[in-house]
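Here are some exercises to work through with the model open beside you. Try each task before you read its solution.

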Amino acid sequence: MAELKFGSNQHAIYLHRDLELKIVEAQHLPNLSLLNIRQLRRCFAACIGSDTIESPHTSTYAPRKHKVVDFCNPYVKVLASTVTVARTRVIKNTFNPKWNQRFHIPLAHPVTSLTFQVKDDDIFGSEVIGTVDIKASRIITGELISDWFSILGSSKTDTKIYLVLQFTPFEKNPRYNQGIASGTGSVARTYFPLRQGCSLRLYQDAHVRDESSIPKIELDGGKVYRREKCWEDIYYAISEAHHLVYIVGWSVYHKVRLVRETTRPLPPGGDLTLAEMLKYKSEEGVRVLLLIWDDKTSRDKFGIKTPGMMQTHDEEIKKFFKHSSVICVLAPRYGSSKLGYFKQQVVGNLFTHHQKCVLVDTQASGNYRKITAFLGGIDLRDGRYDTPEHRLFRDFNTVFENDYHNSTFPVYGYRMSLWAEHLGMVDTCFKKPESMECVQMVNEIAKDNWKRYTDANFMLLQGHLLKYPVQVDENGVVSPLPGQENFPDVGGKVLGAFSAALPDTLTT
């Protein structure tokens, strides 16, 4: 049993694998709406000095009759530390809800206990009625827990909830005895089955030139880590698709060019923009689908054209493909119906779909085809083409012309390549980034780079990692470095400034 020490007395236990949970029912929940009304009533009574009214037919006072609001919309949220791992549906207008909901929860969390929050949902959000904590030390024994639990923090003393749960650690599950890689095991309750013969390729930049000056990374067996060319690979994969090209993204720009510094012969169709290539493939009979986030602040109707707060080009790309066989759908982000009305509006207007993937069919062995998926931080839009040397200003009129925007698998070679890109060097201490030697070296390089960056004379930086010019005193007060309150090149306060136009959610 793995334990982690939290503070002086608390020990966190790793709950690693499967929790079978049934949230059955609760009884005698309080009426939080009534409590809130009473609080408001006391507030108004304090303001006017009395909770009585004068009768129109007599000079005496009579008690005011108040309509009692009698409802509760309860649901339960399950927390492993601060992570929500399960949530029931909301049951309307009841103080004795019966959910009878089952959950299979795969856990890999260090916790002292599992917390069950019983909450009351309303139009303004939700309020916590009370909580139940079940110790991790009891859960990890694997015993079948089936009992009533008192809800702590409730305004009523007899409030309780019935829970049934049982934990099975991974070492006791025969499915995982041989390991997934052996082929005998599989991941339970997943939509797609486990497949053999898959491969993984890691990318760190849109493009890496063969003559790149960044240091080489040596691997075991005398091999050298090869940095791959992400955008070029995507372009060639699309050009060779026979059946499908599916793209999901928060922003896709139809004018972007994926291949700018080609290292191999151009495919049929020539040097096309992304949208031109997609149209070309669609006309060949390939099914081309795009699912793009719909920025509600952008408009292109009735002569009114606005780019939107995030400038994602969503209206532009939809209009470009309007009369083509490419299917382009704009999908807005909707807040969950489980959220209150105002939270739904915040989610719908400030948050985006952030999935980014390109799915294509590519050549497999023989006459077979396979699915190739490009996943992760793939923004096929303006301002995202970059190389390890970050050559925007050096090649502003060529490679980056009209393309700028101002608005985990732990693999050794990939990780070391990131160090080389950020710091312009490779050192043995990077193998242990948690070591004091590594921390001190990174801080020194970042500090020296800031001095070079602010020097009146032009000086090349070592990599591009800079120390942020702030200092924190013993009381936790953050302030800029003396004499460096503003950035030296584009201006702007180092500590930032309050914006009435942008909500805090976007700036913090």
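**Exercise 1.** Work out whether Arg452 is buried, partly exposed or exposed, and find its salt-bridge partner.

*Solution.* Start with the classes: buried means under 20% relative accessible area, exposed over 50%, and partly exposed in between (1.4 Å probe, protein chains only). Arg452 has a relative accessibility of 25%, so Arg452 counts as partly exposed. Next, apply the salt-bridge rule: a side-chain nitrogen of Lys or Arg within 4 Å of a carboxyl oxygen of Asp or Glu. Arg452 meets the side chain of Asp448 at 2.9 Å, N to O. Asp448, at 32%, is partly exposed too. Helices (H or I, at least four residues) and strands (E, at least two) are DSSP runs, numbered from the N terminus.

This is a predicted model, where local features need pLDDT of at least 70 and side-chain atom pairs count only at pLDDT 80 or more, while totals for chains, interfaces and linings use all residues. Residues are numbered from 1 along each chain as its sequence is written, and side-chain values use heavy atoms, with hydrogens and water left out.

**Exercise 2.** Find which parts of the chain the salt bridge between Arg201 and Asp233 links, and classify the accessibility of Arg201 and Asp233.

*Solution.* First, the distance: the two side chains come to 3.0 Å, N to O. The pair connects distant parts of the chain, with Arg201 in the loop between strand S11 (160-169) and helix H3 (230-239), and Asp233 in H3 itself, 32 residues apart. Then the accessibility: Arg201 is partly exposed at 47%, whereas Asp233 is buried at 11%. Now widen the view: Arg201, Glu232, Asp233 and Arg264 belong to a network of salt bridges.

**Exercise 3.** Determine the strand order of the open sheet of 5 strands, and identify which strands stand at its edges.

*Solution.* Two strands pair if DSSP finds at least two bridges between them. The order is S16-S13-S12-S17-S18, with mixed pairing. Strand S16 (327-331) and strand S18 (369-375) are the edges; each has a single partner strand, so one side of each has no neighbour in the sheet. For a close-up, follow S17 (residues 357-363), which pairs with S18 in the antiparallel sense over 7 bridges. There, Val358 stands opposite Phe374 in S18.
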